[in-house]
Amino acid sequence: MGQVHAQSADTVYINGKIYTVNEAQPWAEAVAINNGIFEVVGTNDEAMAAVGDTTKIIDLDGAFVMPGLIDVHAHPLSVGIDRANLSFSDPTNVDTMLADLKAFAEANPDLQVIRGGSWNLGVFAGDSPTKDLLDAVVSDRPVYLVSQTGHSAWVNSKALENAGVTGETENTATIIFDRDNVTGDPSGTVREFAMGVILQSLPEVAIEPVAEAQAGIFAEWNSFGFTSIKAAEGHPVPVGAANILDRRGDLTMRIFASWDWRSHYMEQSAEKQAETIADWESYKSRLVAPNAVKMFFDGGPDSYTAFLLEDYEGRSGFRGQTNLPIEQFEAEVLDFNRKGLGVIVHVIGDAGGRELAKLFKRVREEMGPDGPLLHFSHAWMTRPEEFDVLADLEGVCMDFSPALAYPAAEIEGSMAPPVGDRYQTFFNVVDSIKAFQTARAIDMSIPIGFGSDWASALIPDPNGFHQMQAWVMRTDPENPSGPALNPTQAITLEEAIYGFTQGGAHCLGQGWEDKLGSLEARKLADFIVLDSNPFETPIENLWQTKIERTVVDGRVVYDRTLDIVDDLIDEETFNPGTRYTTEP
């Protein structure tokens, strides 16, 4: 049972149904927290033994408690930039988006560039909007509007001109400018690494508005029960904005940033970003850990840039390729590891997964078992053979993302045609879990996490229980009797929760699995209180689970009933030594 320490606790929660995700002690009824750390996870009596004169005692009245959720692949930092600028009120309607752009431009005449998003897939023919639509509204300054997938952007003529892009600019396998069918000139949609060509020509955005936008984003994530995010992105502006919030005491969750490297959305030149990455430790703060580098091994099926073992449908002899020669990619991974940085590597195609698994094995042999984390990300088409390779390695984790483990119409329309029947083999999570369990010979010791890829995917809200239901049922949570995607790879609820908690903690790197992901004495006090018990909720209703309270470092950062946090709770709601329930 949980250990009782001599020092009195700041806060004690009693009479709960507490699911710890700790194999040695799966359930508890009370916790005692001191200075942001669990001192006791155990019985009511054990927790009450830690009560002192100033301890707050909260009666959970049977409420369900579990570790805070961890998303190991999301993009809240870049969304902060978008929200600090133009956000579309209806990304499914062209006229509304253009009206939003016009209103924003008129309200912000001094902005040197207009940025924002995101526009939805399926709105434009071929998901390829044209510059002419934007030019008719704004022609005097660059306009850059990112798509819902985050792998393409809609730009005006001024943005293309500013970046020096003309009809003579050639496409490559990864730098893709859509073309006008008549003139051959860039049409206004830029894809993959062409996005970076535009972004690096734009002026840097102001940092303070980004910090304010991030505060709202993180509060939204808290309301869905998330206490940590691994941001699969990073450059000085958005990471610095998170640092500002942290220094002000306004950051309400843990942010594990990953520095962009040779990514399609790099906002700095490679030379400047390399300087930033070399100085990564100066960006650390109490709740911000920029301890990884985001890399792209291949692209995606929709743009025919994923690296496949078999030909793309309708393209005989074409299977895509890696974004860099494998030898160069391996050298760069090793370089980052030697600098103390983990890597999170985007890989979609099955050939990409095969080669990246072998590369990770070579890197681990070079760096030893304690080298910085190697994070294998997305794994849409990765085969069981590659899971077996990865499962034998220490210091490796996987994530499956985004949480579209069902036949979403928007994804099917763009992802399925290039790969045909192979679409029904996406996300082989069960095979991955079996491989890791066999290799480790420890039940549920699975360094596998889940990520929403929010908001660069078709995930409107960061609802972790919506995502869990998708992984368990492999159907649309809001249409559970609808078509399924690869249903033989459906997992259990316990495995889904593990992936969003302890498994997710493994994917944070630098030993964070020993500090987060389960409720245990001496771990950090990050947890959530739910309105229902997921194990007693019909699985088709799991997505409707509500978060009553989110706690980070023992600090209440969200409360659905009280609608107040932190000092307000201390001063106006709780009195030392008295009892309160989660009811109004």
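I take helices (H or I, at least four residues) and strands (E, at least two) as DSSP runs, numbered from the N terminus. The model is predicted: local features need pLDDT of at least 70, side-chain atom pairs count only at pLDDT 80 or more, and totals for chains, interfaces and linings use all residues. Residues are numbered from 1 along each chain as its sequence is written, and side-chain values use heavy atoms, with hydrogens and water left out.

I looked up V94 and found it in helix α3, residues 94–107. For exposure, I use buried for under 20% relative accessible area, exposed for over 50%, and partly exposed in between (1.4 Å probe, protein chains only). V94 has 22% relative accessibility, so I list V94 as partly exposed. I count a contact when heavy atoms lie within 4.5 Å. Leaving aside neighbours within four places in sequence, V94 is in contact with V123, F124 and L133.

L133 is partly exposed, at 31% relative accessible area. Not counting residues up to four places away in sequence, L133 touches V94, L98, F124 and W154.

I also took two C-alpha separations. V94 and P236 are 142 residues apart along the chain, and their C-alpha atoms are separated by 33 Å. L133 and V239 are 106 residues apart along the chain, with 33 Å between their C-alpha atoms.

**Entry: helix packing**

My axes are lines fitted to C-alpha atoms, for helices over the stretch in contact, and angles run from 0 to 180 degrees between N-to-C directions. Angles under 35 degrees count as roughly parallel, over 145 as roughly antiparallel, 65 to 115 as roughly perpendicular and the rest as oblique. I call a crossing left-handed if the near helix is turned anticlockwise from the far one by less than a right angle, and right-handed if clockwise. For residue classes, Ala, Val, Leu, Ile, Met, Phe, Trp, Tyr, Cys and Pro count as nonpolar, Asp, Glu, Lys and Arg as charged, and the others, Gly among them, as polar.

I began with α2 (residues 76–83) and α7 (residues 207–223). Their axes are 8 Å apart and the packing angle is about 125°. α2 and α7 are therefore oblique to each other. Their crossing is right-handed. On the α2 side I find P76, L77, V79, G80, I81 and R83, which meet V210, A213, Q214, I217, F218 and E220 of α7. This contact has eight nonpolar, two polar and two charged residues.

Next came α10 (residues 326–338) with α11. The axes lie 10 Å apart at an angle of about 40°. α10 and α11 are therefore oblique to each other. α10 passes α11 in a right-handed crossing. From α10, I326, F329, E330, V333, L334, N337 and R338 meet E355, L356, L359, R362, V363, R364, E366 and M367 of α11. I sorted these residues into eight nonpolar, one polar and six charged.

Then I checked α11 (residues 350–367) against α12 (residues 384–391). The axes come within 9 Å and cross at roughly 15°. α11 and α12 are therefore roughly parallel to each other. The crossing of α11 past α12 is left-handed. α11 supplies G353, R354, A357, F360 and K361, while α12 supplies E386, V389 and L390. By class, this contact has four nonpolar, one polar and three charged residues.

**Entry: aromatic rings**

I pair rings of Phe, Tyr and Trp (its six-membered ring) if their centres lie within 6.5 Å; planes under 30 degrees apart count as stacked, over 60 as edge-to-face and the rest as tilted. The structure holds 28 aromatic pairs. One of them, F426 with F427, is edge-to-face at 6.4 Å centre to centre, with 80° between the planes. F426 and F427 are both buried. Ring pairs link W380, F387, F400, Y423, F426, F427, F450, W471 and F500 into a cluster.

**Entry: backbone exceptions**

Most residues other than glycine have a negative phi, and most peptide bonds are trans. I noted the exceptions below.

The S401 to P402 peptide bond is cis, with omega near -5°. P402 sits in the loop between β20 (396–400) and α13 (409–419).

V21 is not a glycine, yet has a positive phi of about 60°. I place V21 in the loop between β2 (17–19) and β3 (27–28). V21 is buried, at 11% relative accessible area.

D61, also not a glycine, has a positive phi of about 55°. D61 is in the loop between β6 (56–59) and β7 (64–67). With a relative accessible area of 52%, D61 is exposed.
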